[in-house]
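Biologist: Could you walk me through this fold, one step at a time?

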Amino acid sequence: MPAYSAADDALTTKLVTFYEHEDSSIPSHQATVLLFDPRNGSLKAVLDGTVITAKRTAAVSAIATKLLMPPFAEVLCILGAGVQAYSHYEIFTELFTFKEVRIWNRTKEKAVKFANSVNGPVQVCSSAQEAVTGADVIVTVTMATTPILFGDWVKPGAHVNAVGASRPDWRELDDELMKNSVVFVDSREAALTESGDVILSGADIFAELGEVLKGTKPALPEKTTVFKSLGMAVEDTVAAKFVYDLWSAGN
């Protein structure tokens with residue numbers, strides 16, 4: 001995943017592998033980021049792309065949530081208990097004030113392990129429906145290939161960050177939720193070629209997140225909203241340069 005940011009004076013390429021591991025101790029996504037000097041192409045740093053991917057993805061979801069979630073959101077629900085569940089929990093509980101956090105995972109043991117290892121109380125739910133019912137903000141970070149989140153479970157006005165299902169034939173969200181929500185994406189082009197939730201539901205894309213940030217499209221937090229996250233190479237570039245600059249300043 002190559003990208004150049006003139007604003008950040010940064011050139012990177014991320015090498016990423018994606019495996020469905022039987023061994024849950026190994027992340028499904030593993031990555032390395034190479035940071036180059038854009039003036040002459042020399043290699044400046046090799047960075048742990050697995051950490052950068054986890055943190056930048058959660059950071060973008062947090063930006064979407066800040067813009068799109070209902071006012072006075074009290075209940076956070078996370079579906080999935082892998083690397084992205086941890087990074088999302090970490091930043092969401094740091095930036096937002098939720099009275100209740102719930103988690104569901106296909107393998108309950110992983111959800112229990114998650115609840116026991118994070119800083120703060122987390123309710124482990126026995127079903128996805130139980131976790132979702134009444135939640136104001138929902139994060140789906142699963143390896144699901146068919147829908148695990150259904151529109152008739154979702155509270156009107158809730159906000160969903162859909163992070164999994166990064167292939168054109170994979171789903172996390174059902175047609176009802178996709179078609180009855182206002183859909184935001186990180187990249188229209190990517191969503192229309194890579195996101196099964198968008199392609200197979202036939203849902204309309206209302207805006208890119210960048211359009212909302214620039215003020216050219218409204219956020220509509222009073223509506224039920226879905227942010228479909230696929231990840232963009234420039235996010236890795238900005239994050240890698242940020243890490244490198246902090247390291248350089250300390251040396």
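This is a predicted model: local features need pLDDT of at least 70, side-chain atom pairs count only at pLDDT 80 or more; totals for chains, interfaces and linings use all residues.

Biologist: In what order do the four strands of the open sheet stand?
Modeller: The pairing in this sheet is antiparallel. Neighbouring strands are turned by 20° against each other on average, direction ignored. The order is 1-2-3-4.

Biologist: Which residues are on the covered face of strand 1?
Modeller: In a regular strand, side chains alternate between the two faces of the sheet. Pro2 and Tyr4 are on the uncovered face of strand 1. The covered face has Ala3 and Ser5.

Biologist: What is the bridge partner of Ser5 in strand 2?
Modeller: Strand 1 and strand 2 pair in the antiparallel sense over four bridges. Their hairpin has four residues between the strands, and Asp9 there takes a positive phi near 50°. The partner of Ser5 is Ala10.

Biologist: Which residue in strand 3 stands opposite Leu15?
Modeller: Strand 2 (residues 10-18) and strand 3 (residues 29-36) are antiparallel partners over eight bridges. Opposite Leu15 stands Thr32.

Biologist: At what angle does helix 1 run to strand 3?
Modeller: Helix 1 covers residues 49-68. It lies across strand 2, strand 3 and strand 4. Its angle to strand 3 is about 100°.

Biologist: Is Phe242 buried or exposed?
Modeller: Phe242 sits in helix 9 (residues 233-250). With Val243 and Leu246, Phe242 forms a nonpolar surface patch. Its relative accessibility is 56%, and the cut-off is over 50%, so Phe242 counts as exposed.

Terms used:
Residues are numbered from 1 along each chain as its sequence is written. Side-chain values use heavy atoms; hydrogens and water are left out. Patches are made of residues with over 30% relative accessible area and no salt bridge: like charges are joined within 9 Å, nonpolar side chains (Val, Leu, Ile, Met, Phe, Trp, Tyr) within 5 Å. Accessible areas come from the Shrake-Rupley method with a 1.4 Å probe; for residues, only the protein chains shown count as cover. A salt bridge is a side-chain nitrogen of Lys or Arg within 4 Å of a carboxyl oxygen of Asp or Glu. Helices (H or I, at least four residues) and strands (E, at least two) are DSSP runs, numbered from the N terminus. Buried means under 20% relative accessible area, exposed over 50%, partly exposed in between (1.4 Å probe, protein chains only). Two strands pair if DSSP finds at least two bridges between them. Axes are lines fitted to C-alpha atoms, for helices over the stretch in contact, and angles run from 0 to 180 degrees between N-to-C directions. Contact means heavy atoms within 4.5 Å.
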